[in-house]
Amino acid sequence: MKSDFIIQFILPGSLFIIMLGMGLSLKLRDFSLVFVRPKAVALGVFAQMVMLPILAYAVAVLFGLTGALAVGLMILSLSPGGTVSNLFTYLAKGDIALSVTLTSVVSLIAPFTVPLMIVLFMQLLMGSEQQIELPILKTIVQLVVITIIPVAIGMVINAYQPKFSQQAEKYVKRFSVIFLFLIIAGIFAKNIDHMAGYFAQAGLAALVLNIACMAFGYGMAKLANLSEAQSKTISIEVGLQNGALAVVIALTLLENTEMAIAPTCYSLLMFATGAAFVWLLKYKENRSAAKLETANNN
């Protein structure tokens with residue numbers, strides 16, 4: 001009973017607070033970037049919503065993932081970026097406005113696309129006897145309630161009480177990180193006997209997907225002649241997903257712990273890979289600066 005209460009009420013409620021925190025940092029003018037820099041926004045949205053799920057499916061097939069583990073990886077790939085992607089964009093000296101815009105736009109679209117795509121991938125990756133009934137309309141409504149509505153409430157509060165929003169946002173961000181680690185700890189504890197096997201299967205796949213997405217996003221942005229800051233941002237937005245949302249979908253809407261394994265592994269790994277990516281970018285910039293200084297001195 002206690003476990004059911006946590007899954008059905010505490011998890012969605014916590015995600016509601018996280019999305020409210022996102023709204024507290026947003027203003028309507030943040031969405032103007034869609035019109036000011038349409039190329040960068042369109043490329044970022046396409047990479048997240050189309051290419052990321054394709055890459056995730058390819059990774060699932062490559063590593064032989066099937067059933068609930070494979071569907072869990074797909075749920076993660078369908079989730080938007082979260083506050084973690086905004087943080088790493090800041091650390092990497094990327095385009096923060098673009099990062100916030102991409103996170104917001106995809107977060108607003110995801111509730112309507114995720115349920116449809118989950119049904120599709122369950123048909124592809126699970127046997128008919130394994131499939132879970134997912135009422136699409138009900139799921140869309142539930143996702144709207146725990147994602148879009150709190151973002152909208154946060155934006156209204158920010159519009160009328162900007163000082164309060166600025167203070168509250170700091171605490172919500174801290175809560176987001178603590179909440180994510182508590183989820184991870186809970187899933188590990190519940191599956192402790194099988195976790196080594198799960199991590200061996202889904203963990204490596206999640207790591208490969210994470211690295212491939214960041215590399216793909218950066219390369220795709222460079223090919224499109226976007227700036228270095230925009231390229232960093234798209235790379236991070238495509239590579240660092242909202243693991244909390246993926247876990248809530250798996251545990252609350254689909255009521256399947258195994259589907260939460262890949263998002264859990266990913267949520268652990270993305271902090272390390274995100275930090276490594278930021279370090280590589282800074283190393284690259286320092287080398288370029290050193291070469292330029294040497295050339296100028298000569």
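Reply: Helix 6 gives the most to the lining of the second largest cavity, with three residues. A helix here is a DSSP run of H or I with at least four residues, numbered from the N terminus. On a 1 Å grid over the protein atoms alone, a cavity is a set of points where a 1.4 Å probe fits but cannot get out, and lining residues have an atom within 4 Å of a point. Before going on, please note that this is a predicted model, in which local features need pLDDT of at least 70, side-chain atom pairs count only at pLDDT 80 or more, and totals for chains, interfaces and linings use all residues. Residues are numbered from 1 along each chain as its sequence is written, and side-chain values use heavy atoms, with hydrogens and water left out.

Back to our cavity: its volume is about 30 Å³, where a volume is the space filled by probe spheres set on the points, and grid points are joined across faces, edges and corners. Around it you will find M19, P80, S107, A110, P111, T147, N242 and L245. By class, five of these lining residues are nonpolar, three are polar and none is charged. Ala, Val, Leu, Ile, Met, Phe, Trp, Tyr, Cys and Pro count as nonpolar, Asp, Glu, Lys and Arg as charged, and the others, Gly among them, as polar. Searching the whole structure turns up two cavities of 30 Å³ or more.

Now for the open kind of space. A pocket is an open set of points with protein on both sides within 12 Å along at least five of seven lines. The largest pocket holds about 380 Å³ of space. Its lining has 17 residues, and T83, N86, L87, E169 and K173 lie nearest the centre. Two or more lining residues come from each of helix 1 (2-24), helix 5 (83-91), helix 6 (96-125) and helix 8 (162-190). Helix 8 has the largest share, six residues. The pocket's lining divides into nine nonpolar, five polar and three charged residues.

Helix 4 (residues 67-78) has twelve of its twelve residues buried, so it is largely enclosed by the rest of the structure. Buried means under 20% relative accessible area, using a 1.4 Å probe and protein chains only. Among those buried residues are G67, L73 and L78.

Note on methods: Expected span 1.5 Å × (residues − 1). Buried < 20%, exposed > 50% of the residue type's maximum accessible area, 1.4 Å probe, protein only.
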